[in-house]
Each structure stands twice: as C-alpha cells, then as structure tokens.
Amino acid sequence: MKRLLFSLILLAALVGLACCHVWYLSGQTRALSQQLEQAQQQVQAGNWDEAQAITQKAWTQWEGLMFYLHTTLHHEDIDQVSTAFQETLAILEQKEQPGEYAAANARILYQLELLLEAELPSLKNIL
C-alpha cells in the first residue's frame, strides 16, 4: 500500500511540474512574441533603431533563459530560434530590407510557437 501511495504522489508531482513548465514556457514565449511584434510595428513605421533595441532586448531575455531551456527542451529547437534571432538582428543593422526583416521576424515567432506546441500535452505529441 505504501508503494502505491508513493507512486501516486510521485506521479502527481511529475504532472504538477510538467504543468508548471508549460505555464512558464508559455509566459516567456508570449512575452518574447509581443516584443517581436512591437519591433515589427516599429519597422513598418520606419523606426529601425527602436525595432533593433526591442529585438535586442528580446534576444537578451532569450539568452537569459538558456540554462532553463537547455535543461528542458531539445537543443536543436533552441538553436533554431537563436539562429533566427541572430539573422533578424543582422537584418536590422542594415536598416534597408523591411520585407526580409518581416520574414526573419515571422520565422522567430513561428519557432517560438512550435516550442510551446511541442511541450503541450496533446495526442500528436504523445504519438
């Protein structure tokens, strides 16, 4: 009986931790996405320097999450987002190609969405 009770407590703890992870990751990706959308609006308004500052802030926030992300997610997924950030920052330095910037920014947003989607409990992820 003690083993069963211990197993149930352990299972409940794991489910709770998984839920906390998804909640935290959701909040972080949402915050990053909002910043990147603000940067996109700044580029559309012609404020390249402001867009670069916002994107740099998002990159700094992303870098601050690296230890947690590398502990909980696939390294390839994290590397793809990091590479897309660097590409976007390089485009912002040129201040010339809003279309190319929009595509690179959209790539980051989509990859952030995929990160969260991969962690959600769904039939697709289980199978």
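1. Let's start with Tyr68: in this predicted model, its relative accessibility is 27%, so Tyr68 counts as partly exposed. Tyr24 also falls in the partly exposed class, because its relative accessibility is 32%.

2. What do these two residues do together? The search of the whole structure turned up four aromatic pairs. Tyr24 and Tyr68 make an edge-to-face pair, with 5.0 Å from centre to centre and 80 degrees between the planes. This pair links distant parts of the chain, since Tyr24 sits in helix 1 (residues 2-44) and Tyr68 in helix 3 (residues 66-72), 44 residues apart.

3. While you are looking at rings, have a look at Trp59, Trp62 and Phe85 too: they form one aromatic cluster.

4. On to the charged side chains, where the count comes to two salt bridges. In one of them, Asp49 pairs with Lys95, and their closest N and O atoms are 2.4 Å apart. Asp49 belongs to helix 2 (residues 48-64), while Lys95 is in the loop between helix 4 (75-94) and helix 5 (98-119), so this pair ties together parts that are 46 residues apart in sequence. Lys95 has a relative accessibility of 37% and therefore counts as partly exposed.

5. Which residue does Arg107 meet in a salt bridge? The partner is Glu87, with an N to O distance of 2.8 Å. Arg107 lies in helix 5 and Glu87 in helix 4, so the parts tied together here are 20 residues apart in sequence.

Note on methods: Residues are numbered from 1 along each chain as its sequence is written. This is a predicted model: local features need pLDDT of at least 70, side-chain atom pairs count only at pLDDT 80 or more; totals for chains, interfaces and linings use all residues. Side-chain values use heavy atoms; hydrogens and water are left out. Rings of Phe, Tyr and Trp (its six-membered ring) pair if their centres lie within 6.5 Å; planes under 30 degrees apart count as stacked, over 60 as edge-to-face and the rest as tilted. Helices (H or I, at least four residues) and strands (E, at least two) are DSSP runs, numbered from the N terminus. Buried means under 20% relative accessible area, exposed over 50%, partly exposed in between (1.4 Å probe, protein chains only). A salt bridge is a side-chain nitrogen of Lys or Arg within 4 Å of a carboxyl oxygen of Asp or Glu.
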